[in-house]
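Welcome, and thanks for taking a look at this structure.

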Amino acid sequence: MHNFAFNINFEIMISFLGTGLLGANFTRALLNKGEKLQVWNRTAEKAKLLEAYGAKAFVQVTDAVSGADRIHLTLSDDQAVDDVLEKASAGFKKGAIIIDHTTTSAPGAAKRSAYWKQKGYPYIHAPVFMGPPNALDGTGVMLVSGDQAVVKILEPELSRMTGKLWNLGEQPEKAAALKLLGNLFHICLTGGIADLITLAGSLQIPTTELATLLDTLNPAVVAQGRLKKITSNTFDQPSWELSMARKDARLMIEQSAATHKTLTVVPAVAKKMDIWLAKGYGNNDWTIFSKDPDEK
């Protein structure tokens, strides 16, 4: 039995806490759909700007959540979410649903889910893979996990906020975990692209030709292939030997250094390769560097 009241047949009040670039555009998009919104931000001026679009801004966070059926958050981190929710809770309407779009730790999401459920307020974590323009246009991906009875109620409303709603099931921290993994991929990918541009400059290859190179390599297919190879643990069946891959990494580092440029990702990978080479795995598949050498 859930001790919350939320009936989508009646007009609802939405509160948005955190109106930076992402939160502001989520708010504007909801207002464009005819929703009623109350907004708050640590920097009050940012929330005040949204009144031009029809929102009602408040200086006190307790006032911003007063009467709200849904309380959305787009804040900076776990500590900010915990602090703001604790301060706002004095103004919570009975049974209000908390929907947190903040990128947080997985343990933090699990802890908040249990804590607020015990207090009678369902907490659902719904981080996103989208930028501010996507939030305004309703495109991108929103992840969601937690109490499926609550998620089922929210699905139509959350789906309106994004191009795709990815329901990850009952585990409250699952969305936070997948969000961090996705961001890890973006960080590593961007680091690799930065190295690609650096080495291209050192070799006097125009960056305009890199797009064609990527089209030829088909990174999406390559990434799936690398994932399959690493998780298969078939490193004794090499398609590219570790010793040869390390030689190429050396050439990349030397070429960049010759033109006084520094690579970001490749040197770190080369150091990991050297550990495996010292252990005698030079004839193995190069992807063995992805493993922890202490576990082999």
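Predicted model: local features only at pLDDT ≥ 70, side-chain atom pairs only at ≥ 80, totals over all residues.

In strand E9, leucine 165 is the bridge partner of methionine 142.

- Strand E8 (residues 141-144) pairs with E9 in the parallel sense, and four bridges join the two.

**The six-stranded sheet**

- A further open sheet is formed by six strands in the order E3-E2-E1-E4-E5-E6, and here the pairing is parallel.
- The edges belong to strand E3 (56-57) and strand E6 (123-125); each has a single partner strand, so one side of each is left without a neighbour in the sheet.
- At the E3 end, strand E2 (residues 36-40) pairs with E3 over two bridges, in the parallel sense.
- Look for valine 39 here: its bridge partner in E3 is alanine 57.
- At the E6 end, helix H5 (residues 106-118) lies across strand E5 (97-100) and E6, and the helix runs at about 160° to E6.

**Salt bridges**

- The model has a count of ten salt bridges.
- One of them joins the side chains of arginine 70 and glutamate 157, with 3.7 Å from N to O.
- This pair connects distant parts of the chain, as the two residues are 87 residues apart: arginine 70 sits in strand E4 (residues 70-73), and glutamate 157 in helix H7 (residues 148-159).

**The largest pocket**

- The largest pocket holds about 2,000 Å³ of space.
- Its lining is made of 36 residues, and those closest to the pocket's centre are Cys188, Leu189, Val222, Arg226 and Trp286.
- Five helices each supply at least two residues of this lining: H8 (174-202), H9 (210-217), H10 (219-232), H11 (242-258) and H12 (266-278).
- Which helix gives the most to the lining of the largest pocket? The answer is H8, with eleven residues.
- By class, the lining of the largest pocket divides into 28 nonpolar, five polar and three charged residues.

**The cavity**

- There is one cavity of 30 Å³ or more in the structure.
- The space in the largest cavity comes to about 30 Å³.
- Which residues line the largest cavity? They are Phe26, Ala29, Leu30, Lys33, Ala135, Arg160 and Met161.
- Helix H1 (residues 21-32) gives the most to this lining, with three residues.
- Five of the lining residues are nonpolar and two are charged, while no polar residue takes part.

Methods: Residues numbered from 1 in each chain as written. Heavy atoms only, no water. 1 Å grid on protein atoms, 1.4 Å probe; cavity = no way out; pocket = protein on both sides within 12 Å on 5 of 7 lines; lining within 4 Å. Points joined across faces, edges and corners; volume = space filled by probe spheres on them. Nonpolar A, V, L, I, M, F, W, Y, C, P; charged D, E, K, R; others polar. Pairing = 2+ DSSP bridges. Contact = heavy atoms within 4.5 Å. Axes fitted to C-alpha atoms, helices over the stretch in contact; angles between N-to-C directions. Salt bridge = Lys/Arg side-chain N within 4 Å of Asp/Glu carboxyl O.
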